[in-house]
Amino acid sequence: MLRLALPLVPATLDPAKAADLPSLNVSHELYAGLTRFSATGVEPDLAESWDVGEGGLVWTFHLREDLRWSDDVPITAADFRRSWLRALAPRTAAPYAGPALGIVRGARRLHATGRGGLGVEALDDRTLRVTLQHPVPWFDELAAFPVAAPAPPRPTAFSGPFRLVSAGAKRLVLERNFNYWNAGAVKPRRLAFGASTKKADAVLPSGLAGPGLPWIDTVRPAPRGAAELPMLATGLLWFVTRGTPLADRDARQYVAWVVTHLDLDTPPATLVPPEMPGASTVNSHAPVLLQSAPRPLRLTLVWAQSDVTGSRIAAGLRRHDKQLRSFDIELGFRPVRNLGELLGLAGPPARPGVDLVLLGWSSKIFDAYNLLDLFPCGSAFNVAGWCDPSYAALMRQAVRTFNDEARWRIERRLVEKLHDAVPAIPVYAANDHFTLAPGVHGFSWSPIGFYELMGMTRS
């Protein structure tokens with residue numbers, strides 16, 4: 001048995017209802033999907049292959065032969081259709097149903113109203129055909145989220161590498177699922193999850209925020225000897241462009257120039273994390289240019305005190321108060337307790353008196369698109385309130401471009417628009433960490449936030 005320490009013991013193991021990273025990751029070990037996250041993308045899981053037709057609109061997944069639940073009942077394509085309908089039903093309140101399955105034809109209406117059809121067909125026991133609302137290049141990645149796994153038809157049925165043996169408020173015990181299609185790769189006989197690090201064989205990543213959602217850094221400094229794990233997350237300093245002095249682009253450029261020339265005790269950050277495929281093409285490394293010095297600026301910064309790195313940046317800005325005043329910038333500070341309170345102030349639209357917001361984002365796919373999708377006019381997370389119709393038009397072009405190099409070139413044009421308009425600037429990159437006891441190895445990690453425990457063992 002391997003004893004593994006989590007930051008918290010999951011409150012739910014329902015793959016449709018899991019929201020925080022510990023719950024998502026334990027669900028990921030209990031329930032397999034069509035695909036499975038790896039370090040750089042996804043690999044086949046219950047689907048052995050898939051075809052993409054009609055310009056990316058129709059995805060046909062071919063399930064492996066003789067798939068079985070842990071209680072020996074066959075797993076079929078109909079299990080996926082049943083589970084996706086359940087996840088999208090409003091009464092289920094599945095946090096990732098919209099972000100992961102909302103691109104399926106009919107899913108948004110079904111999720112909002114509980115009515116209408118869904119573009120998912122079980123053509124036979126081993127063939128699942130999915131029709132999307134519009135083409136996207138990364139539906140195979142969205143299908144790797146636990147919400148897209150077949151939900152258990154019985155409490156004792158599991159489809160992933162492990163099955164649940166016991167569940168309590170302080171401890172979960174999993175054991176090897178011999179019916180998993182790749183059971184030969186499952187090394188541990190048992191896994192025991194708890195929140196205590198005492199006598200743990202591994203202390204697993206401590207981040208809580210799930211991918212594809214507003215994000216603040218809750219990870220404390222790594223303990224000595226811990227291994228660093230890069231994440232596809234970026235901490236942003238937002239410039240509120242509606243009803244504030246920062247409605248003027250020259251003022252935003254000026255503040256951005258000043259901030260980027262302060263020593264805030266954080267490494268340089270880029271909008272697109274370096275681990276993101278295509279980051280070297282997409283990112284702009286041009287310096288922020290100082291166009292003119294506007295009239296004196298009085299601005300208020302808000303951030304969440306639970307944001308560890310964000311709080312350090314706010315402290316750095318406070319430490320540079322004299323230098324900011326020498327540039328005619330008077331900065332006020334308004335900390336709030338947590339992400340919920342921060343979103344209440346930041347909106348969009350931001351509450352009056354809020355000019356600057358520290359709030360990050362964690363990508364749910366291996367493409368810069370998910371970060372760039374914060375900035376279109378209609379984005380529900382466009383804290384800046386910035387709007388450029390030409391930006392939205394380029395986004396529509398990017399999401400329908402399947403060739404990676406061609407899409408990255410479009411995304412570079414999008415980054416250049418952001419560089420010029422300055423609705424936000426990156427101020428920190430995200431990392432997590434883990435520790436393994438001597439002789440324990442086999443932990444693998446995807447910067448999306450999912451880890452793999454199948455191959456863990458003791459030497």
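The side chains of Asp367 and Arg407 form a salt bridge, with N to O at 2.8 Å. A salt bridge here is a side-chain nitrogen of Lys or Arg within 4 Å of a carboxyl oxygen of Asp or Glu. Asp367 sits in the loop between β17 (360-362) and α11, and Arg407 in helix α13 (residues 404-421), so the pair ties together parts that are 40 residues apart in sequence. Helices (H or I, at least four residues) and strands (E, at least two) are DSSP runs, numbered from the N terminus.

This is a predicted model: local features need pLDDT of at least 70, side-chain atom pairs count only at pLDDT 80 or more, and totals for chains, interfaces and linings use all residues. Residues are numbered from 1 along each chain as its sequence is written, and side-chain values use heavy atoms, with hydrogens and water left out.

**Salt bridges**

How many salt bridges does the structure hold? The count is 21. Three of them are tabulated with relative accessible areas. Buried means under 20% relative accessible area, exposed over 50%, and partly exposed in between (1.4 Å probe, protein chains only).

| Pair | N to O | Accessibility of each partner |
|---|---|---|
| Asp367 and Arg407 | 2.8 Å | Asp367 1%, buried; Arg407 4%, buried |
| Glu29 and Arg36 | 3.8 Å | Glu29 0%, buried; Arg36 3%, buried |
| Arg412 and Glu416 | 3.1 Å | Arg412 26%, partly exposed; Glu416 38%, partly exposed |

Arg412 and Glu416 are four residues apart in helix α13, so about one helical turn separates them. Salt bridges with shared partners join Glu29, Arg36, Asp45 and Glu452 into one network.

**Positive patch**

Arg3, Arg171, Lys198 and Lys199 gather in a surface patch of positive charge. Patch residues have over 30% relative accessible area and no salt bridge, and like charges are joined within 9 Å. Arg171 lies in strand β9 (residues 171-176). At 42% relative accessibility, Arg171 is partly exposed.

**Disulfide**

Which cysteines are joined by a disulfide? Cys377 is linked to Cys387, S to S 2.0 Å. A disulfide is a pair of cysteine sulfur atoms within 2.5 Å, and the count by this rule is one. The link of Cys377 and Cys387 is right-handed, with 90° about the S-S bond. Both Cys377 and Cys387 lie in the loop between α11 (369-372) and α12 (389-399), so the pair ties together parts that are 10 residues apart in sequence. Cys377 is partly exposed at 34% relative accessibility. Cys387 is partly exposed at 37%.

Key. Patch = residues over 30% accessible without salt bridge, like charges linked within 9 Å, V, L, I, M, F, W, Y side chains within 5 Å. Areas by Shrake-Rupley, 256 points an atom, 1.4 Å probe, with all protein chains shown as cover. Lys, Arg positive; Asp, Glu negative; His and termini not counted. Charge placed at Lys NZ, Arg CZ, Asp CG, Glu CD.
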